[in-house]
Amino acid sequence: MKILVADDARTVRRLVSSRLIADGYEVIEAEDGEQALGLARSEQLAAVVLDKVMPKIDGFEVVRQLRQQDATRDLPIIMLTERSGEDDVLGGLGLGVEAYMPKPFSPRELSARLQRILAKSAPSL
Amino acid sequence: MNSGLLWATTGLAALALLLVTMIVVMRAFADRRLRRDAKLRPEIELRIVEHLALDDPEPSDRPQSRAARRLLLLVALEALGELRGAERQRVTELLEQAGTVADLKSRLLSWRWKRRLEAAEALVEVRSQGTVDALVAGLFDRKQSVRLTCAGALAELGDQGPIPAVIAVADEEAAEQPGAAAAILLALGRRARLSLSTALEPGHSPELRRLAAAVIGELHISDHAELLLESLDSPDDELVARGARGLGAIGDVDAVQRLLGLLDEPDRAWFVRLASIGALGQIGDSSAVKALERELYSDNWYLAEKSAAALRQLGAAGQTALNGALGSQNLEARGHAAVAMQ
């Protein structure tokens, strides 16, 4: 399963990617919102891990645009952010973000949440 | 051209050439360092992520070059800023095993204060228990910034032993550096919250006590509600106001009568009444309705406005009082009630 990790901080991308790779996922990375949007549209993704604050296009806008397209409307998204204020959480969940993780975060917890989200969204047999 | 002018011109030209040469050389060194870091960085990052990803990683050895050691600290600090929980602890362990923490401890003894400060700042993030003794020594550094940073690092560790010394540093610097003192108290509040009671005791400076009251309220530490209640008897109006706000944030119903009493104390500053009104609204006890209704008709715009907002939080009884104000002759009170009911 291919996961997109989008964050302008290289360290965060490395931390998240290495955890997800260790847990058996294939990972591609984006360092800004524009790149994230491009990859989400062109690749067959299982989910996206997205930072809220990014250059060019921020995380909320990326989510909005993905939700407007048929191909990516139901793509599971986990959002990371420095801020954990109620407005940010509600804003993210209101856009259809599956889970919202404030920083500092635990990559293991993120991977566990991702696993649960993917299990719920997998087609039932 | 006379010889004096010639010498002056030659001298200036030589100086300019020297400056340009220095800039070029320094730039070349900086570029070389950037290229070396770019080459080394992926290896350092791999080291850290492997250490995190493996269940039982091999103990990390000390990087060979100074550049690699510097970069390991830099990348590790970036990672520490993003992580929490067991993975954060793992990064600290990696730095301990790689000798980085020992390097930082010895830098705390440097004769250059900037190196001492940088080391202390790094240790705030690293949070290694093995550095307590070195940080305690740093509390007596001759540089204020180093003392405060070491106090911050110890507060983040939450080790009980040095807490009195940490609070003493915050106390000493609270008047001049309230931001740094507040950061220390916030860290203590998160890591060793019961220790904040010491900072609120009467023996400390008014500035520290005010900060402590604010932090207790900000962090909603209900264990200290009793102390905040006691602070309402202080002659220091600033402390009383912060204590009142703290009690409101905690939602302490037992404080209602005392907060109401503050509204009847004629010698209290107006901002004490304001804080008390706000707290009564947050606590939401309907026994405060009558007093708040009285304040709604105050000549002080801020008190009246705050009272209207507080009444809104007091359920049906507050609503009744606001409805009454809507029908009153008092234009200001009508306006505040209308705004509060929107």
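**Salt bridges, rings and the contact between chains**

Modeller: One note to begin with: Asp223(B) has 44% relative accessibility and so counts as partly exposed. The model is a predicted one.

Biologist: Which side chain meets Asp223(B) in a salt bridge?

Modeller: The pair links distant parts of chain B, 30 residues apart. Asp223(B) sits in the loop between helix H11 (206-218) and helix H12 (225-231). Its partner is in the loop between helix H9 (178-191) and helix H10 (196-200). With 2.7 Å from N to O, the partner is Arg193(B).

Biologist: Is Asp233(B) buried or exposed?

Modeller: Asp233(B) forms a salt bridge with Arg258(B), with the closest N and O atoms 3.0 Å apart. Arg258(B), at 23%, is partly exposed. Exposed means over 50% relative accessible area. Asp233(B) has 53%, so the word is exposed.

Biologist: Why does Arg268(B) count as buried?

Modeller: Arg268(B) forms a salt bridge with Glu265(B), the closest N and O atoms being 2.9 Å apart. Glu265(B) is partly exposed, at 22%. The cut-off for buried is under 20%. Arg268(B) is buried because its relative accessible area is 13%.

Biologist: How many salt bridges are there over all chains?

Modeller: Some are linked in a network, which includes Arg10(A), Glu29(A), Arg41(B) and Glu78(B). Between chain B and chain A the count is 4. Over all chains the count comes to 39.

Biologist: What is the area buried between chain B and chain A?

Modeller: The contact takes 15 residues from chain A and 17 residues from chain B. In chain B, Glu82(B), Arg84(B) and Glu87(B) lose the most area to chain A, together 44% of what that side buries. Carbon and sulfur atoms give 50% of the buried area, which is about 1400 Å².

Biologist: Which side chain of chain A meets Arg84(B) in a salt bridge?

Modeller: Polar contacts between chain B and chain A come to 11 residue pairs, both residues at pLDDT 80 or more. For the salt bridge of Arg84(B), the N to O distance is 2.6 Å. The side chain is that of Glu109(A).

Biologist: Which helix gives the most to the side of chain B that touches chain A?

Modeller: Helix H1 (3-53), helix H2 (66-82) and helix H3 (86-97) of chain B each supply at least two residues of that side. By class, the side has 8 nonpolar, 1 polar and 8 charged residues. With 6 residues, the helix that gives the most is H1(B).

Biologist: Which residues of chain B does Arg19(A) touch?

Modeller: Arg19(A) is placed in helix H1 (residues 10-22) of chain A. At 9% relative accessibility, Arg19(A) counts as buried. Residues up to four places away in sequence are not counted. Those touched in chain B are Leu52(B), Ala53(B) and Glu87(B).

Biologist: At what angle are the ring planes of Trp301(B) and Tyr302(B)?

Modeller: Trp270(B), Phe271(B), Trp301(B) and Tyr302(B) form one aromatic cluster. There are 3 aromatic pairs over all chains. The rings of Trp270(B) and Tyr302(B) have centres 5.8 Å apart and planes at 35°, so that pair is tilted. Trp301(B) and Tyr302(B), with ring centres 5.5 Å apart, are edge-to-face because their planes are at 80°.

Methods:
Residues numbered from 1 in each chain as written. Chains lettered and ligands numbered in written order. Predicted model: local features only at pLDDT ≥ 70, side-chain atom pairs only at ≥ 80, totals over all residues. Heavy atoms only, no water. Contact = heavy atoms within 4.5 Å. Buried area = accessible area lost by both parts, 1.4 Å probe. Polar contact = N/O pair within 3.5 Å; in protein donor to acceptor, adjacent residues only side chain to side chain. Helix = DSSP H or I, 4+ residues; strand = E, 2+ residues; numbered from the N terminus. Nonpolar A, V, L, I, M, F, W, Y, C, P; charged D, E, K, R; others polar. Phe/Tyr/Trp six-rings, centres within 6.5 Å; stacked < 30°, edge-to-face > 60°. Buried < 20%, exposed > 50% of the residue type's maximum accessible area, 1.4 Å probe, protein only.
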